[in-house]
Amino acid sequence: MGQSSKAHKCFMKWSKGATSIEADAIAEGFLSSVKLHGLKYNKLIGNAHNAVRHFFPNCKIMACRFHSGQSWLKKIQSDSNVLKNYNSKSELGVWLKQFFALRFLPSEDVENAFTYLIENSPTDNFEFTDYILNNYISSDAAFPPILWATEPSTEARTTNGPESFHKHYNAQFYKSHPSIDQVIHILLDIQSE
């Protein structure tokens, strides 16, 4: 109390358009976080990628396939009838599962594949597909295909070190309950890498 605040760019009396306040505020936070707090960000949540792209136009932003799939699955789970079909081997269930394969196409092929799926729809309930179109496919989508669609790679694609280690570690075992000798041998091999 009684202390003056540090100099900062105040966003309360914003003179630019309403749509740019979020992008500029997020970008200022990213740009000053290391200097002010020694903090580096490694994940972008929500629509922050647009702010990053605005201020760092040459950066390549890649979203996580797992989390996009989780988002799509949550949408399916929000409608009990769609979920029932998704969990079945019905024509509609198979068709719904095909949308998850879009994540493994080159981004430039996603729109055509999406259109193909819609043209071959076994339903007239397009709530799920409208969600995918509006949020992940259309030209003004919050998460366009360039962020999340890419051909599969053999390289580990994670920024989470422990997750990467555990994936590599678990791949070394051929049965679910290895002997202690095998575990020690694998750990020693990993340690020497």
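Is Lys75 buried, partly exposed or exposed? At 23% relative accessibility, Lys75 counts as partly exposed, where buried means under 20% relative accessible area, exposed over 50% and partly exposed in between (1.4 Å probe, protein chains only).

This is a predicted model, in which local features need pLDDT of at least 70 and side-chain atom pairs count only at pLDDT 80 or more, while totals for chains, interfaces and linings use all residues. Residues are numbered from 1 along each chain as its sequence is written, and side-chain values use heavy atoms, with hydrogens and water left out.

The count comes to one salt bridge, defined as a side-chain nitrogen of Lys or Arg within 4 Å of a carboxyl oxygen of Asp or Glu; its partners are Glu127 and Lys75, at 3.3 Å, N to O. The pair links distant parts of the chain, 52 residues apart, and the helices concerned are DSSP runs (H or I, at least four residues) numbered from the N terminus.

| Residue | Helix | Relative accessibility |
|---|---|---|
| Glu127 | α7 (residues 127–137) | 41% |
| Lys75 | α3 (residues 65–77) | 23% |

Leaving aside neighbours within four places in sequence, Trp148 is in contact (heavy atoms within 4.5 Å) with residues including Trp72, Leu102, Val110 and Ile137.

Conventions
Helices (H or I, at least four residues) and strands (E, at least two) are DSSP runs, numbered from the N terminus.
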